Amino acid sequence: MSGTTGNIALLERTLAQAKAENRAALVGYLPAGFPTVEGGAAACTALLESGCDIVEVGLPHSDPVMDGPVIQTADTIALRGGVRIADVIETVRQAHTATGKPVLVMTYWNPVDRYGAERFAEELAAAGGAGCILPDLPVEESDGWRKAAERTGLATVFVVAPSSRDERLATITAAGSGFVYAASLMGVTGTRESVGNEARELVTRVRATTPLPVCVGLGVSNPEQAAEVAEFADGVIVGSAFVKRLLAADTLEAGLDGVRELAASLAEGVRRG
């Protein structure tokens, strides 16, 4: 162990600062390596410069169970481009170094397990990372990772869903740190017409189990939805809508303009909530 420390404290301060400003934090998501490694790092940086308080860098995976068609498409492009874990870590490093803001990795467990949890935590912390969101890691099997994360100053963010029973929510939130990721509805990521009452109810249930901030993801794509979720959540997570802007653009520059514009309008949305 090199004694490097990650940025969990920065993540906690950022969420507390948004709360002090009486608003929700805006959390953006983009996969690393999309549309290219350099382009992905530039896009993550653009989000943080244009209104996102926090960014999640996705680790592209060939079987993304939680992700809908938009993110799957971006993951496929990244994987075809030969993206590696080193590129994911480098994306975190560049986005954090350029902005000083908290950057997490969102990843399925299998790639981390194969890479080595200790090594992954060390390298993520050394790059200035703030933590890891692990949607498919069961709490019961998370001990090794959580010890490595704690030692290296990284948050371990678990995902809860409306289907989770109260008892289960308490188990999950007790094991997590940084914040709790509340999936607003059953199903996969993607933009939706409405975000609905399921999310509001889930946030209330999660808050009954933990003092950790609760950030809501899955389905938010415009300022109105961001404002709606910001009324009851500590953070609003947006992914597919950013990916769509990059997918639709003819050039990287146009894509970066698109995500900047969306981040700015969503940042206004969370302040209206």
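A residue is taken as buried when its relative accessible area is under 20%, and in this predicted model tryptophan 145, with a relative accessible area of 2%, is therefore buried. Tryptophan 109 also counts as buried, at 16% relative accessibility.

Three aromatic pairs were found in a search of the whole structure. In one of these pairs, tryptophan 109 and tryptophan 145 adopt an edge-to-face arrangement, with 6.4 Å from centre to centre and 75° between the planes. Because tryptophan 109 belongs to helix H5 (residues 109-115) and tryptophan 145 to helix H7 (residues 143-151), the pair ties together parts that are 36 residues apart in sequence. Both tryptophans are members of one aromatic cluster, which is formed by Trp109, Tyr115, Phe120 and Trp145. At tyrosine 115, the charged end of arginine 119 sits over the ring, 3.7 Å from its centre.

The surroundings of tryptophan 145 were examined next. When residues up to four places away in sequence are not counted, tryptophan 145 touches Trp109 and Phe120, and its other contacts are Val112, Ala117, Ala121, Cys132, Leu134, Leu137, Leu154 and Thr156. In soluble globular proteins, nonpolar side chains tend to be buried together. The largest nonpolar core in the model comprises 99 residues, and Phe120 and Trp145 are among those with the most contacts inside it, together with Phe179, Tyr181, Val236 and Phe242. The element that gives the most to this core is helix H12 (residues 252-272), with seven residues.

Definitions and conventions
Residues numbered from 1 in each chain as written. Predicted model: local features only at pLDDT ≥ 70, side-chain atom pairs only at ≥ 80, totals over all residues. Heavy atoms only, no water. Phe/Tyr/Trp six-rings, centres within 6.5 Å; stacked < 30°, edge-to-face > 60°. Helix = DSSP H or I, 4+ residues; strand = E, 2+ residues; numbered from the N terminus. Buried < 20%, exposed > 50% of the residue type's maximum accessible area, 1.4 Å probe, protein only. Lys NZ or Arg CZ within 6 Å of the ring centre and 35° of its normal. Core = buried A, V, L, I, M, F, W, Y, C linked by side-chain atoms within 4.5 Å. Contact = heavy atoms within 4.5 Å.
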